[in-house]
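User: Please take a close look at one part of this model, the salt bridges and the elements they join. Then place the findings beside other contacts in the chain.

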Amino acid sequence: MIEDIELETLINEVYEYYGFDFGSYSRASLKRRVNRVYHLDGFTHFHEFLSKVRSDQEYYKKMIDEITVNVTEMFRDPSFYAILRNEILPLLGTKPFIRLWHAGCSTGEEVYSMAIMLKEAGLLHKSIIYATDINATVLETAKKGIFPLRMMKEYSQNYRDAGGQEDFSSYYTANYGIAKFNEELAEKMVFSQHNLVSDTSFNEFDMILCRNVLIYFDNDLQKRVINLFDESLAVLGFLALGTKETIKYSISPAKYKQFEKEKIWRKIK
């Protein structure tokens with residue numbers, strides 16, 4: 001196990017050597033993830049691990065990838081997608097063009113879920129989904145639209161629980177244990193690297209989704225990111241966060257109205 005003081009040393013060294021700032025990440029979550037990498041890679045002494053991170057840039061990149069990857073699934077929390085389908089998309093559909101931003105999109109399962117919902121609502125042709133993550137490796141996976149075939153049974157159930165009526169398998173081609181999702185969905189996606197900690201707003205959006213990413217950040221960084229989303233969201237646009245996340249402490253509550261019981265807020269001014 002890595003000690004707290006060793007974790008602080010790692011944070012400082014990574015910042016000094018590579019300019020990557022883990023300082024605002026929640027310590028408990030960061031410690032768990034660093035410990036996982038430390039053990040998987042067979043280290044027994046912290047100084048060996050630190051020396052490897054400092055001296056081997058490829059290893060450093062691999063470590064960052066391991067630490068920043070977020071777990072995700074298609075149609076995660078089906079009740080959220082049901083509200084999206086029945087209440088939010090009809091409102092977005094009145095716009096001539098719909099811009100969405102999936103921040104911290106990881107391997108892309110939720111981006112493809114959104115594209116399927118837009119297609120079924122007859123809105124995909126006039127939508128564009130910007131999908132960003134800090135982790136370049138997961139973005140490569142997301143771009144390909146390839147997911148393990150063994151997950152499709154669960155994803156298909158999630159899809160149905162979210163109100164999906166179509167045959168879910170019509171959205172992908174199965175081959176050698178993988179499911180490749182249709183090109184038609186990917187055509188409306190733009191994937192790029194974006195660091196929520198240090199990068200600025202890059203467009204105005206009608207909906208921003210950042211689900212289960214903020215839980216890894218401390219309060220100050222959560223506030224900073226929520227403000228970034230606020231700057232990037234059009235009036236009457238929607239912001240969707242994860243089940244344990246809120247905008248309550250970050251921004252004037254008068255600017256937003258919470259939508260239903262789900263973690264969705266509408267910007268009203």
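Analyst: Arg-85 has a relative accessible area of 18% and is therefore buried, since the cut-off for that class is under 20%. This value, like the others below, is computed from a predicted model. The side chain of Arg-85 meets that of Glu-120 in a salt bridge, with 2.9 Å from N to O. Arg-85 belongs to helix H5 and Glu-120 to helix H6, so the pair ties together parts that lie 35 residues apart in sequence. Glu-120 has a relative accessibility of 26% and counts as partly exposed.

Helix H5 covers residues 78–92 and helix H6 residues 109–120; their axes come within 11 Å and cross at roughly 40°. The crossing of H5 and H6 is right-handed.

Side chains of opposite charge can pair when their charged atoms come close. With nitrogen and oxygen required to lie within 4 Å, the model has 16 salt bridges. One of them joins Glu-8 and Arg-27, whose closest N and O atoms are 2.7 Å apart. Glu-8 sits in helix H1 (residues 4–18) and Arg-27 in helix H2 (residues 27–40), so this pair ties together parts 19 residues apart in sequence. Both ends are partly exposed: the relative accessible area is 31% for Glu-8 and 30% for Arg-27.

Another salt bridge is formed by the side chains of Asp-230 and Lys-267, at 3.4 Å from N to O. This pair links distant parts of the chain, with Asp-230 in helix H10 (residues 219–232) and Lys-267 in strand S10, 37 residues apart. Asp-230 counts as buried at 8% relative accessibility, and Lys-267 is likewise buried at 8%. Salt bridges also link Asp-77, Glu-110 and Arg-211 in a network.

Ile-268 is found in the segment after strand S10, which spans 264–267. The relative accessibility of Ile-268 is 41%, which means that the residue counts as partly exposed. Together with Val-235 and Leu-236, Ile-268 forms a nonpolar surface patch with about 250 Å² of accessible area.

Two buried residues show contacts of another kind, between positions separated in sequence. Asn-135 is placed in the loop between strand S2 (127–133) and helix H7 (136–144). With 2% relative accessibility, Asn-135 counts as buried. The C-alpha atoms of Asn-135 and Ile-64 are 7.7 Å apart in space, while the two residues are 71 apart in sequence. Phe-191 lies in strand S6, residues 189–193, and counts as buried at 14% relative accessibility.

Terms used:
Residues numbered from 1 in each chain as written. Predicted model: local features only at pLDDT ≥ 70, side-chain atom pairs only at ≥ 80, totals over all residues. Heavy atoms only, no water. Patch = residues over 30% accessible without salt bridge, like charges linked within 9 Å, V, L, I, M, F, W, Y side chains within 5 Å. Areas by Shrake-Rupley, 256 points an atom, 1.4 Å probe, with all protein chains shown as cover. Helix = DSSP H or I, 4+ residues; strand = E, 2+ residues; numbered from the N terminus. Buried < 20%, exposed > 50% of the residue type's maximum accessible area, 1.4 Å probe, protein only. Axes fitted to C-alpha atoms, helices over the stretch in contact; angles between N-to-C directions. Left-handed = near helix turned anticlockwise from the far one by under 90°.
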